[in-house]
Amino acid sequence: MSVLRLGYVHARVTDMADAVSHYERTLGMKNVGMIDGKQYFKGWDEWEHHSLVLEEGGVGLVKLGYKVSSVDDLAAYESRAQQFGVTVERFSKGENEAVGDGVRFNLPSEHRVELYAEMTEVGNEVGFINPEVFPRDLVGVGVPGIDHALITAEDPGLAERFFTEVLDWYPTERVQTSLDDDHELVGTWLSASQKVHDLAIIGGPQGGLHHFAFQLLDWSAVGRAGSLFSMDDVSVDVGPTQHGITRGTTIYFFDPSGNRNEVYAGGYMAYRDRPTVRWTVDQLGKGIFYLQRELNERFTTVLT
């Protein structure tokens with residue numbers, strides 16, 4: 001029984017035409033189509049129907065979807081979530097476009113999360129038999145796929161407990177008020193497998209979204225993305241730079257609606273028996289932006 005990965009991010013946008021231009025032309029995602037008022041996208045190396053869903057009506061996160069290893073897992077996670085004390089409900093195949101039966105619950109942080117085991121497979125852009133290493137006709141940044149999200153919670157410790165106790169995730173890095181036993185948890189970076197993080201949770205308002213991120217191969221791809229953002233007048237928040245936390249390289253930027261995006265590359269392999277890296281709040285600037293070693297106000301206060 002396991003959670004495999006982040007399957008989809010479902011977000012709101014204020015103007016669909018501007019959003020489509022951003023995610024299709026600048027980030028280079030494949031436009032899967034508009035269905036029942038929702039716009040669907042996938043990265044070129046993703047083989048299932050979609051990884052990003054957009055709907056008009058504001059800004060911010062609607063829900064996150066995580067794929068589990070089998071249909072049988074859904075009942076087990078449903079039971080665990082109920083025992084933890086969160087509201088749980090089932091959803092049926094077809095309720096989400098191309099997604100099978102699943103379980104939906106509200107996190108202690110008031111974010112909506114869905115677990116599912118099946119999504120329609122449409123293939124990636126290079127195939128799985130003797131494939132090329134990338135598509136010849138990449139557009140814009142050409143992101144291979146979705147990577148992770150960072151959300152906010154009034155009690156990051158409670159949210160961390162949900163993911164570790166209900167979903168069997170583990171923290172790879174944490175930010176604490178001190179190294180003492182009675183410390184408070186300021187932020188946690190959680191992994192479901194061997195990625196350095198599948199989700200991060202920091203202190204902040206309930207239900208808040210800091211960003212969702214797209215994979216890139218390496219530091220040079222991050223730099224190339226920065227040049228393309230300049231060409232397309234994308235509003236860049238921070239970067240290119242490197243994190244101390246996770247060691248990943250990054251650019252933070254905004255879509256036309258104001259949702260913060262990230263392109264992310266690198267980081268280290270995570271293992272369940274690897275000691276959790278701990279940061280103290282006085283070193284948070286170094287942890288978030290290793291090169292500049294200081295935070296800007298916008299990065300810590302602008303949420304959707």
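Which residues does Asn96 touch, not counting residues up to four places away in sequence?

Reply: Happy to. Asn96 touches Tyr8, Lys63, Phe91, Arg104 and Glu114, once residues up to four places away in sequence are set aside; contact here means heavy atoms within 4.5 Å. Before going on, please note that this is a predicted model, where local features need pLDDT of at least 70 and side-chain atom pairs count only at pLDDT 80 or more, while totals for chains, interfaces and linings use all residues. Residues are numbered from 1 along each chain as its sequence is written, and side-chain values use heavy atoms, leaving out hydrogens and water.

Now to the place itself. Asn96 sits in the loop between β6 (88-91) and β7 (102-106); helices (H or I, at least four residues) and strands (E, at least two) are DSSP runs numbered from the N terminus. Asn96 is buried, because its relative accessible area is 10%. The cut-offs are under 20% for buried and over 50% for exposed, with partly exposed in between, using a 1.4 Å probe and protein chains only.

Lys93 belongs to the loop between β6 and β7 too. Lys93 has a relative accessible area of 66%, so it counts as exposed. Leaving out neighbours within four places in sequence, Lys93 is in contact with Val99, Gly100 and Asp101. Trp47 is 46 residues from Lys93 in sequence, and their C-alpha atoms are 19 Å apart in space.

Moving along to strand β7, you find Asn106. Its relative accessibility is 31%, so Asn106 counts as partly exposed. Asn106 touches Val86, Thr87, His111 and Arg112, again not counting residues up to four places away in sequence. Ala81 is 25 residues from Asn106 in sequence, with 9.5 Å between the two C-alpha atoms.

Asn130, in the loop between β8 (112-116) and β9 (146-153), has a positive phi of about 45° although it is not a glycine. Asn130 is exposed, because its relative accessibility is 72%. Asp233 also has a positive phi without being a glycine, at about 55°; you will find Asp233 in the loop between α4 and β14. Its relative accessible area of 69% is why Asp233 counts as exposed.

Finally, here is the setting. The protein chain has six helices and 17 strands, and 51% of its 304 residues count as buried. A compact globule with 304 residues would have a radius of gyration near 19 Å, so the 18 Å of this chain agrees; the radius is taken over C-alpha atoms, and the globule rule is 2.2 Å times the number of residues to the power 0.38. Along its principal axes, the C-alpha trace spans about 55 × 45 × 40 Å. Among contacts with a separation of 6 or more, 66% come from residues 24 or more positions apart. The chain exposes about 13400 Å², and carbon and sulfur atoms supply 47% of that area, which was computed by the Shrake-Rupley method with a 1.4 Å probe.
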